[in-house]
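Colleague: I have some questions about the words used for this fold. Please take me through them.

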Amino acid sequence: MAARDRSGPRLPRVAEPGVEGEPRLPTGRELTEANRFTYAALCGISLSQLFPEPEQRSFCTDFVAGLVKWLDLSEAVLPTMTAFASGLGGEGADVFAEVLLKDPILKDDPLVIIQDLLSFSLKDGHYDARARVLIYHMASLLRAPLEELDLLEETFLESLKESKEEDSESAEASRKKKENKRKWKRYLLIGLATVGGGTVIGVTGGLAAPLVAAGAATVIGSAGAAALGSAAGIAIMTSLFGAAGAGLTGYKMKKRVGAIEEFTFLPLTEGRQLHITIAITGWLASGKYRTFSAPWAALACSREQYCLAWEAKYLMELGNALETILSGLANMVAQEALKYTVLSGLVAALTWPASLLSVANVIDNPWGVCLHRSAEVGKHLAHILLSRQQGRRPVTLIGFSLGARVIYFCLQEMAQEKDCQGIIEDVVLLGAPVDGEAKHWEPFRKVVSGRIVNGYCRSAAIWTMPGRWTSS
C-alpha cells in the first residue's frame, strides 16, 4: 500500500446539495459508464473471493444485482456481474482496481467510492456484516486509508440523528472535528436523498425510535433533510438499531432460561456506532477483576461496546478456586527453592498443603458447573443475536477462557439456523476450552463473515482456515 499523508482525515469532493425537490444522484452514477461497470465488477469479484461458500451465493448475486440498479447500469450486464459474483474472472481484480483509480473522480480520493458503497449497503436500513467486510476489502484494493472508515460510518450515523450538543467555547478541537463531519454529512446523504422522495425503506414493524431531523437542511440542503425527516430516514434508524431503540441494554431476561440464572448486557462505552462489539469474561476474581467489565478497560474494537454479565456466582466460585490453586503453587515453588538452602532438612519434614494434594477437589466442581452453563449461555446468546436485539448491524465477539467457550457454542447454535449469515463480522477467542478439531469449526464459515482468531498458549499460535480467515 502506498504511503499516504496521515496528518488528518482526507475528505472527498463534497457535492453541493441539489435544488429542493431535485435530489442529487448517488456519487457512483457520476462515474463514466465504463467505470460504473468496473466498480460493479470489482465488487462482484471481491464478493466471490471473500464468500466462496455455496450458501453465500445468493447474497453475492443479489448484492451485485442491486448495485447494478443503484449505478443505473443496463440490465444487459447482469449475466456478466452474476458470473463475477459466482467466481469467474477473479484474476482480473487488480486490473479493475487500477482502471477505477484512473477515473478523475477517484484519482485524488478513492474514499469517494467507499462512501458510495457504504450508502448503498445502508439504504435498506440493514448493515450486513458481509457488506462491511466487502467495504474494508474494497478500501484495501483502492488504497484508501482504512482508519478513516470508522469516521465515515460515524458521520453517516450522526447524519441520521438529531444533534443536541451545545456549542462550547472551550472545545475548539471538537468544533473542528464537527466541521469535518458536517462536510461528510452533505456528501454522504446524497444517496439517501435519492430515495427520500416517497420510498419507505427498511420498515420493520413499527417506528418506536423516531428520528427528528430539524435543522439538518442547513447542513445537507432541504432535499436531504426531507429524506431524513421522512418515514424513510426513520425506518433506516429503526431497522439499524432495533425497534426498541435501546440496543442490547434494552434486553432483559425476564425469567430463568433453562439452567441460566443471569444474562445481562452491560455497556462498556456510551457511544453509538454502525457496528458493535460484545466482550465476554471467562471468570471473576477478587480485587481488580471482580467485575465483568474490568478485563475490557482497554478494548478499542468499536465506539459501541458491551460486556455480557452471566452467572456471576459460579464464575466467582471458579475464580476463587483458581486463586487458591495459584496461591498454593506459589507456596510449593517457595518450598522447592528452600530445599536448596541450609533449611532443606526442615523443609523436607514439612507436609504438602492438603488442597494441593487434591487439586481436583478444589476446582473440579465449579469448573464443571461453569463448563455446562457456558454452553447454555452461548446458545441463548445465539438466539438473542438471531432475533436482532442488537438491530441490523455487524457484531464482533471477543472472549477469553469460558467467555470464549460461550462464543464457540453461540456460533455452533447459530450455524444450525438458516438465517445466520450476515450478523457476525469477526470473532476473537483467547484460551477457549473447546474441541480443536477442524470438523467442529467448519460450520462457522457460514456464520462469521470476517475472521476467526483463536489464540491459545502453545507458542501463541493462531488457528486459521483457508480463504478469508487469516492469522493476525
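Modeller: Here are the terms, each set against its definition.
This is a predicted model: local features need pLDDT of at least 70, side-chain atom pairs count only at pLDDT 80 or more, and totals for chains, interfaces and linings use all residues. Residues are numbered from 1 along each chain as its sequence is written, and side-chain values use heavy atoms, without hydrogens and water.

Colleague: Why is α7 called oblique to α8?
Modeller: The axes of α7 (residues 129-141) and α8 (residues 149-159) cross at roughly 130 degrees and come within 11 Å. Axes are lines fitted to C-alpha atoms, over the stretch in contact, and angles run from 0 to 180 degrees between N-to-C directions. Under 35 degrees is roughly parallel, over 145 roughly antiparallel, 65 to 115 roughly perpendicular, and the rest oblique. So α7 is oblique to α8.

Colleague: How do you know that β4 and β5 pair?
Modeller: Pairing needs at least two DSSP bridges between two strands. β4 (residues 395-400) and β5 (residues 424-430) are joined by 5 bridges and run parallel. Phe400 stands opposite Leu430 in β5.

Colleague: What about β5 and β6?
Modeller: 4 bridges join β5 to β6 (residues 452-455), again in parallel. Leu429 stands opposite Asn454 in β6.

Colleague: What makes the unit of β4, α17 and β5 right-handed?
Modeller: With the strands pointing away from the viewer, the path from the first strand over the helix to the second runs clockwise. This β-α-β unit, with α17 at residues 402-414, is right-handed.

Notes: Helices (H or I, at least four residues) and strands (E, at least two) are DSSP runs, numbered from the N terminus.
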